[in-house]
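Dear colleague,

Please find below the structure that I am handing over to you.

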Amino acid sequence: MRKSVYMVNLGCPKNLVDGEVMLGLLAREGYSISLDPQQAEVLMVNTCSFINEAKEESIDTILELACHKEKSPAKQLIVTGCLAQRYGQELRKSLPEVDVFVGTGEFVRITEILAHKRALLDEPSVYVGAAHVLPDHTAPRIATTPFYTAYLKVAEGCNHKCAFCIIPKIRGLQESRPIASLVAEAERLSAQGVKELNLIAQDLTAYGRERRDGTTLLALLRALCQVEGIAWIRLLYCYPNFLDEPLLRVIAEEEKICSYLDMPLQHISDRMLRAMRREKSGDGIRRLLERIRAAIPGVVLRTSFIVGFPGEQEEDFEQLLEFVDEAAIDHVGVFRYSQEEGTAAGTLPEQVPEEIKHERWRHLMERQARIVQRKNPALIGSEQEVLVCGTDDQGRLWGRTRGQAPEIDGVTYLSRSHAESGEIVRTCITSASGYDLRARESAPTTQRVYPIDNARIPL
């Protein structure tokens, strides 16, 4: 059991990348990666604390792993991530089962911290320093995603001051990685069999601007498109600002860049957008969508909205419902506003009751489901590339089109195909059911890849 680690990653893909780096650092120090918490010496929870539901999930997971420690007191229970950064000192008292809390600016010291803890069996320790640390391409990383897809974190932190969001206080101001470092990491991932790169940051479209050396998302995309072996590049977490014409043009023209934009809009009511401290008006959002669709034919859009923000009236919510009908966005996520201490909105009057938040969330999700039921059948008969992901628990072969991001969107089920995981095949869409599509292979496979690095361990 000595020197083995079991990790649970919670929250967003950006946090997942931090967890993968920690696993890589531990593996380099001789730790083995365990898939069984009963067999591992070190139990780790890489937490999220963005909203109340995330905090509750983090605490529940910590307590679940604490049960294994209770049966085997020699185990170490380590809590990392945003919850540790935000509440480490308080949790030290309320969760004595935890041996160490490691914040978002200290996780690269994980091996040193564990070695110190083993040598000194003292009371729970808290390591919370800077808001973030941004490892470069030289940092070891053990992927927890399937071998054919990976997240590439291009920046950390955020310079926006949205009233509802705690992330800038947890993760600090934006810091972007150099293009050369990101290209080097992309080349390493490609050598391991990765075909799909999902670019992530707190604000992807602001990438590089604080460096003041000409680094931009546009320049990064052009460089990444030159990496051999990478077939798809997907843009996630795009803030509505900085989506200018040159950037839209390169998305439209570069074959490797998926015609897909994940762009959280949060609301459409001018009153709510001002209260949220967003930098676009309702009309500005509408004009932006028109520009995007004109510049990128067939673009697939994903966004998220918040319902129940303090002061949201029925009139504001009705505007949002009408906008969802009007904009017909392909993929929509809806969050119920979470009152967070330390945010500008946390102390606002007119907090909306939970039952009203839930009702508005349900109503908006139902409205979006009708949009999807109307839009997806229009894809029937179209030719689509599909990245094959494997078989589900019912034995059905499935994958994703360029318009389906991992984990958050629907999937495409394949019939009459003998394709293997990691293969990109040309298909014809035959039917649509809810958020998912069905397709049959319509041409020989265009790419076949195999995992070649046994360090890519699914957890």
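The expected span of a helix is 1.5 Å times one less than its number of residues. Please note that the model is predicted. Helix 6, residues 179-191, comprises 13 residues, and the 18 Å from its first C-alpha to its last is close to the 18 Å expected.

Several residues of helix 6 are buried, namely Ser 181, Leu 182, Val 183, Glu 185, Ala 186, Leu 189 and Ser 190. These buried residues pack against strand 7 (149-153), strand 10 (196-200) and helix 7 (217-224). Just after helix 6, Gly 193 adopts a positive phi of about 110°.

I turn next to the nonpolar cores. The largest nonpolar core contains 57 residues, and Leu 199, Leu 235, Leu 261 and Ile 292 have the most contacts inside it. Helix 11 (residues 314-327) gives the most to this core, with 6 residues. With neighbours within four places in sequence left aside, Ile 292 is in contact with Leu 243, Leu 248, Leu 261, Met 263, Val 299 and Leu 301. A second, separate core has 21 residues, including Val 5, Val 21, Leu 23 and Tyr 127.

Finally, the second largest pocket has a volume of about 610 Å³. Of the 28 residues that line this pocket, Gly 298, Val 300, Leu 379, Gln 384 and Gly 403 lie nearest its centre. The lining divides into 14 nonpolar, 9 polar and 5 charged residues. Helix 8 (245-253), strand 12 (257-262) and helix 12 (354-375) each supply at least two residues of the lining, and helix 12 gives the most, with 4 residues.

Yours sincerely

Notes
Residues numbered from 1 in each chain as written. Predicted model: local features only at pLDDT ≥ 70, side-chain atom pairs only at ≥ 80, totals over all residues. Heavy atoms only, no water. 1 Å grid on protein atoms, 1.4 Å probe; cavity = no way out; pocket = protein on both sides within 12 Å on 5 of 7 lines; lining within 4 Å. Points joined across faces, edges and corners; volume = space filled by probe spheres on them. Nonpolar A, V, L, I, M, F, W, Y, C, P; charged D, E, K, R; others polar. Buried < 20%, exposed > 50% of the residue type's maximum accessible area, 1.4 Å probe, protein only. Contact = heavy atoms within 4.5 Å. Core = buried A, V, L, I, M, F, W, Y, C linked by side-chain atoms within 4.5 Å.
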